[in-house]
Amino acid sequence: QVQLVESGGGLVQAGDSLTLSCAASGRIFSWYQMGWFRQAPGKEREFVARISWTDGSTYYADSVKGRFTVSRDNAKNTVYLQMTSLKPEDTAVYYCAAGSGSRPARYNYWGQGTQVTVSS
């Protein structure tokens with residue numbers, strides 16, 4: 001089992017920055033990728049970014065490329081999502097997950113989510 005706990009969400013204004021954290025515990029296998037997803041009201045959950053525990057390789061959705069940065073601290077088993085130049089359309093519940101790829105179905109473990117609200 002893997003437990004994931006997100007933190008760092010909040011209410012910000014357009015153009016602001018925010019950093020989310022995801023603390024992982026339990027049986028975290030090295031082959032896992034850690035993904036960030038988001039879900040806005042009435043919309044499907046969508047991929048945001050992912051990072052490999054092993055080599056730190058990253059991949060981003062086009063909508064956040066250049067604005068969001070995903071990183072990890074292996075010693076702390078923590079993954080971060082640094083979000084800059086936030087837009088109202090970034091408003092969503094953000095989830096971290098353990099799995100692989102970019103599709104939610106390929107992730108087995110999920111955190112409880114943290115709300116990010118960007119006002120215009």
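1. Asp-90 and Arg-67 are both buried in this predicted model, and their side chains meet in a salt bridge, with 2.8 Å from N to O. Asp-90 lies in the loop between strand 8 and strand 9, whereas Arg-67 lies in the loop between strand 6 (58-60) and strand 7 (68-73), so the pair ties together parts of the chain that are 23 residues apart in sequence.

2. Arg-38 and Asp-90 are both buried.

3. Which residues are linked in a network of salt bridges? The network is made up of Arg-38, Glu-46, Arg-67 and Asp-90, and a search of the whole structure finds four salt bridges.

4. Asp-62 and Lys-65 also form a salt bridge, and their closest N and O atoms are 3.1 Å apart. Asp-62 has a relative accessible area of 66%, which means that this residue counts as exposed, in contrast to Asp-90 and Arg-67, which are both buried.

5. Arg-45 is placed in the loop between strand 4 (33-39) and strand 5 (46-52), and this residue counts as partly exposed because its relative accessibility is 28%, a value that falls between the cut-offs of 20% for buried and 50% for exposed. Leaving aside residues up to four places away in sequence, Arg-45 touches Phe-37, Arg-38, Gln-39, Tyr-95, Pro-104 and Trp-110. With Gln-39, the side chain of Arg-45 makes a polar contact, side chain to side chain, at 3.2 Å. Tyr-107 is 62 residues away from Arg-45 along the chain, and the C-alpha atoms of these two residues are separated by 12 Å.

6. How many disulfides does the structure hold? There is one disulfide, formed by Cys-22 and Cys-96, whose sulfur atoms are 2.0 Å apart. The pair links distant parts of the chain, since Cys-22 sits in strand 3 (residues 18-26) and Cys-96 in strand 9 (residues 92-99), 74 residues apart. The torsion about the S-S bond of Cys-22 and Cys-96 is about 60°, and the disulfide is therefore right-handed. Both Cys-22 and Cys-96 are buried.

How values were computed. Residues numbered from 1 in each chain as written. Predicted model: local features only at pLDDT ≥ 70, side-chain atom pairs only at ≥ 80, totals over all residues. Heavy atoms only, no water. Helix = DSSP H or I, 4+ residues; strand = E, 2+ residues; numbered from the N terminus. Buried < 20%, exposed > 50% of the residue type's maximum accessible area, 1.4 Å probe, protein only. Contact = heavy atoms within 4.5 Å. Polar contact = N/O pair within 3.5 Å; in protein donor to acceptor, adjacent residues only side chain to side chain. Disulfide = S-S within 2.5 Å.
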